[in-house]
Each structure stands twice: as C-alpha cells, then as structure tokens.
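Here is a friendly note to read alongside the structure. Keep the viewer open and look up each residue as you go.

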Amino acid sequence: MKLSLESIKNKDAWVGYHLPEYDPVQISENTKKAPVWLHFGPGNIFRIFPAVLCQRLIEQGKMDTGIVCCEGYDEEVVLKCFRPFDNLSVGVTLHADGSLEKEVVASFAESLTMLYDSARVAEVFCAPSLQMVSFTITEKGYSLRNARHELVPAVAEDMANGPENCKAFMAQLASMCVKRFHACGKPLALVSMDNCSHNGEKLQMAVMEIAKAWLDNGKISAEEYVYLEHDIAFPWSMIDKITPRPNPIVQEKLEADGLEDMSPIITAKHTYTAAFVNAEKPQYLVIEDNFPNGRPPLEDVGVIITSRDTVNKVEKMKVCTCLNPLHTCLAIYGCLLGHKTIAEEMNDPELRRFIDRMSHEEGMPFVVNPGVIDPEKFLGEVLEVRLPNPFMPDTPQRIATDTSQKLSIRFGETIKAYIASEDHDPSELNLIPLVQAGYLRYLIGTDDEGNPMECSPDPLLASLQEKLSGMTLGGEIDEAKLQPILSDAVIFGVNLYDCGLAEKVIGYFKELMAGPGAVRATLKKYV
C-alpha cells in the first residue's frame with residue numbers, strides 16, 4: 001500500500017486512518033490560482049500541527065485552499081518526503097495508553113524549494129490573495145550572525161548587493177517583500193511559528209536590518225522601505241507540541257498496516273524526517289492578531305488569536321516555568337544518569353520529585369498568568385500526561401542540545417523575579433541552583449558511573465569544557481576556573497555571584513563531582 005493520491009481513493013484499504021474529507025486535487029488547483037497560505041520549513045511540527053489545522057478548516061468548508069510549502073534550507077525534505085508521496089503525509093498521534101491515532105494529511109497543495117523553484121515561490125509571494133507566510137525554520141534560521149556576532153558572509157554580500165540574486169534566506173525573504181510591493185502592493189503577515197522567545201520580533205529584526213542596509217546602500221527606495229516597515233506585519237506566536245524524530249516502532253506499526261517506504265531518512269544536512277510524523281496529542285498555538293490582508297479562521301480549530309502582550313505572557317509561562325525548565329532539568333540529569341527517554345525519567349523517583357518541587361515551589365510563585373491558559377492546569381498536564389507518556393520517544397540527549405543558549409531564559413527570569421521581589425530572596429532557591437550545578441557536571445563529559453559521555457551539540461560546548469579542563473571525578477575543584485562561567489550573565493541570565501547563588505552552585509558541584517554515584521547521592525540528599 002503506497003501513500004499516494006491514487007491509493008487513498010480506495011478507502012477500504014485505509015481502515016483505521018482518517019482520510020481527507022475533500023478532494024486534494026481540487027484544493028491544489030484552487031491554491032495554485034489564489035494562494036492564501038505559504039509556509040517555509042515544512043518539517044515535522046508543521047506537518048502534524050499547522051497543516052492539520054488547515055486540513056480541518058478545509059473539511060469544515062471554511063477554507064477552499066491548502067498550504068504552499070517551501071523548503072529554504074534542506075531541499076531533500078521536499079524531494080524525498082513530499083513529492084514521492086504526492087504531497088501527502090501520515091500524521092501519527094501517540095496516546096499515553098499506547099494507541100495510535102493515524103491520519104493522512106493532504107493540505108500541502110504544492111511543495112517547493114528555494115533552490116530549484118525560486119521563481120514559483122516569488123510568484124506565490126506576490127499573489128494579492130496571499131494572507132500569511134508562516135515559518136518553522138528553527139531559531140537559527142533568523143540569525144544573520146555567527147557565534148562571534150559577525151555577519152555571515154552571505155548576508156554581508158546580500159546587504160551590499162541589494163535584493164537581486166540573494167543567497168541568504170532572510171535576504172531572499174526581504175527581496176520577495178520588495179517584489180510584492182511592486183507586484184500588488186497589498187500588505188502581508190509574516191508569522192514565525194518557531195519555538196523561541198519573541199519569534200515575531202526576531203523575524204522582523206532580521207528582515208528590517210537587511211532592508212535598512214539596502215536603503216543605506218541605495219539599493220532600495222525610501223518608498224520600498226516604508227512598505228516593508230508599515231505594510232508587512234510580524235505577529236508574535238507561541239507554539240507547543242512535542243514532536244520527536246520519526247520513531248522506528250511507529251514505522252513498524254505503519255508497515256504492519258501495509259504501508260510502504262516508511263523508513264526514516266537522514267538528509268545530507270542531518271535532517272531527520274520520514275513520510276510520517278509522530279507527536280503527542282496536546283498542542284497549543286497562540287498568535288497575535290495582526291493580519292493586515294486577512295487570515296484563515298484559525299480560531300475555529302483551536303488557535304488562540306489574541307494580543308501581543310498575551311502571546312508574550314503565554315510564552316513566558318511555558319518557557320520560564322511550566323515546561324521548558326522541566327525539560328532542561330530532565331535533559332541534564334537524564335544524560336548523567338543514563339536514561340534514554342524522558343518518559344523513563346518520569347519513573348525515576350528523584351527526577352520526578354525534582355521537577356515537581358522545582359516547578360511548584362520555586363517557579364509557580366512567580367509564574368506569569370496569561371489569562372487564556374491556566375498555568376496550574378498547563379503544568380499539571382505536563383507533569384501527569386505529557387512527560388510521562390511512554391510512547392513519546394523523546395530523549396534527554398536531544399533536549400540537551402544547545403543548553404548554554406537555554407539556561408538564561410528558562411531559569412534566569414525566575415531568579416530575576418526573586419531579586420526584584422520584596423517578599424522573596426534568591427537565597428531561597430535550592431533546586432534551580434542544583435540544575436545549574438548539574439550543567440557544570442554535565443560539561444565534564446562523564447556519566448554518574450564515571451564512563452565517558454558524549455555531550456550534545458552546543459555552540460559554547462568546546463569553550464566551556466576548556467574552562468573546566470583538568471577537573472575529574474573525585475579530584476580537586478578549582479573554584480577560580482568556575483568564576484568566569486558562573487559570572488556570565490549571557491549563560492545564566494544573571495551573574496550568579498552578584499545574586500548570591502554562586503556559592504550554592506559551587507557547593508552542589510563539588511558534591512556532584514565527589515566520585516562515581518555522586519549524582520544520584522546528591523539528588524537523594526536534596527530532592
């Protein structure tokens with residue numbers, strides 16, 4: 001049984017799957033004539049969340065077009081996971097009881113690449129009917145600079161040369177906005193749906209920095225710049241749905257149904273993808289209501305359309321208190337203790353107690369309540385439903401990626417709240433400093449049994465490990481080597497010496513470094 005437009009016509013062969021309740025060919029034709037929604041970065045979370053929302057709206061008769069998908073970085077995603085399957089995808093929801101909810105998603109009206117289809121992408125971008133361009137390109141996709149804060153050469157070249165023949169994606173995006181100004185002049189919303197703080201602001205800053213360079217270099221007119229500044233909207237959003245890499249167990253179940261060609265693919269650019277996507281059931285999408293050319297009725301399929309301030313509050317609730325700090329804690333200690341999945345960690349009494357106490361006792365007193373989502377209910381769902389789901393194959397090793405970039409927002413904001421409070425003091429914190437100490441222990445590169453442990457990719461990994469060089473389990477701890485790390489507010493959000501937490505972190509670190517088994521012993525002592 002192949003995943004194809006022809007195959008899904010035989011509904012008897014697809015028992016157990018939700019099939020699209022519309023004609024995908026007709027939807028594709030409608031979209032090509034008058035596209036409404038263009039998306040860049042058609043990866044896993046997009047294919048099983050926003051694309052399914054579009055499918056629901058089509059099935060409800062509230063949209064008669066689908067989504068034009070474009071890959072601007074890794075064209076193999078389109079060439080190997082979209083086009084061979086007639087732009088269909090299988091979405092698999094993993095329930096905590098082990099059951100699978102399976103759906104064929106057909107809302108992908110076209111699949112394009114910037115490398116091979118740039119003319120068609122520009123044509124879609126310039127269509128007067130286009131209302132929104134969304135993005136799931138990861139936080140790195142918005143960056144114009146390298147780790148040394150220098151402009152990436154391709155970006156610098158594009159800034160100097162102007163909007164023609166751009167090489168960097170953000171410059172290509174700015175160029176298409178300029179082309180839209182001349183083609184139809186209609187406004188447009190560029191909607192980042194990436195899981196990062198102030199995502200719309202990051203996108204806007206990247207586009208407008210390039211545009212300002214073009215204006216200063218005489219490559220665009222003042223009128224073109226004003227259009228970008230006033231007619232292109234950059235709504236903020238918060239997206240939340242745990243979407244791990246394709247799971248071999250899910251692959252086996254799909255193949256047992258008779259589906260062919262379900263093997264996961266690792267592209268040359270190290271993207272993990274497949275013709276199917278597996279994810280948890282809970283999902284949240286909150287978007288600022290700033291769509292100057294109109295928008296699909298996303299609120300009819302569960303999206304919260306609200307103000308920028310509320311989006312920001314939802315994001316802070318999740319990232320600073322109710323989900324991301326728990327993930328980072330489990331990632332660090334899960335790696336040290338040899339756990340293979342997050343769900344497995346939730347059966348570890350010390351780790352489960354750790355995140356429960358940390359979130360309720362230290363985080364929740366300063367949680368931001370956005371009003372549209374109840375923080376207590378959200379946290380309860382995370383602790384009782386989402387993280388313990390044994391059929392969610394997410395790993396501490398994956399979540400530990402880029403930890404140096406995450407500690408500041410995930411823990412630093414809570415520490416700042418304690419500093420600013422008249423009723424509380426940072427000295428009250430015990431478990432957040434234990435996470436910070438655990439990160440130092442993680443950087444040593446050995447697990448709790450003393451065996452070598454591979455640390456996940458991180459832009460600061462090499463430099464931080466160099467600062468800790470010479471420290472070994474059971475050996476002397478040179479506090480002078482810790483000072484430049486613990487005083488770095490870029491990493492921790494605050495200077496830990498200034499707020500009085502450095503001594504506590506160092507004390508924990510010494511206990512964690514006492515020898516094999518010290519991590520477990522320290523957790524038992526303090527958690």
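1. Let's begin inside the protein: the second largest cavity holds about 50 Å³ of space. A cavity here is a set of points on a 1 Å grid over the protein atoms alone where a 1.4 Å probe fits but cannot get out; points are joined across faces, edges and corners, and the volume is the space filled by probe spheres set on them. Please keep in mind that this is a predicted model, where local features need pLDDT of at least 70 and side-chain atom pairs count only at pLDDT 80 or more, while totals for chains, interfaces and linings use all residues. Residues are numbered from 1 along each chain as its sequence is written, and side-chain values use heavy atoms, with hydrogens and water left out.

2. Which helices each supply at least two residues of this lining? They are helix 11, helix 12 (324–336), helix 14 (349–363) and helix 17 (407–420); helices are DSSP runs of H or I with at least four residues, strands are E runs of at least two, and both are numbered from the N terminus. The lining, meaning residues with an atom within 4 Å of a point, includes Cys 320, Met 358, Phe 411 and Ile 432. By class, the lining has six nonpolar, four polar and one charged residues.

3. Met 358 and Ile 432 turn up again where helix 14 meets helix 18, in a contact that also includes Phe 354 and Leu 431. Contact means heavy atoms within 4.5 Å. Helix 14 and helix 18 (residues 431–443) pack at about 130°, with axes 9 Å apart; axes are lines fitted to C-alpha atoms, for helices over the stretch in contact, and angles run from 0 to 180 degrees between N-to-C directions. The two helices are therefore oblique to each other, as angles under 35 degrees count as roughly parallel, over 145 as roughly antiparallel, 65 to 115 as roughly perpendicular and the rest as oblique.

4. Now find the open sheet of three strands, with order 10-14-15 and mixed pairing; two strands pair if DSSP finds at least two bridges between them. Strand 10 (237–240) and strand 15 (304–306) each have a single partner strand, so one side of each is left without a neighbour in the sheet. The twist averages 15° from one strand to the next.

5. Strand 10 and strand 14 (residues 284–288) pair in the antiparallel sense over four bridges, and Met 238 has Val 286 as its bridge partner in strand 14. Helix 11 (residues 308–322) packs on this sheet, touching strand 10, strand 14 and strand 15.

Methods. On a 1 Å grid over the protein atoms alone, a cavity is a set of points where a 1.4 Å probe fits but cannot get out, and a pocket is an open set with protein on both sides within 12 Å along at least five of seven lines; lining residues have an atom within 4 Å of a point. Ala, Val, Leu, Ile, Met, Phe, Trp, Tyr, Cys and Pro count as nonpolar, Asp, Glu, Lys and Arg as charged, and the others, Gly among them, as polar.
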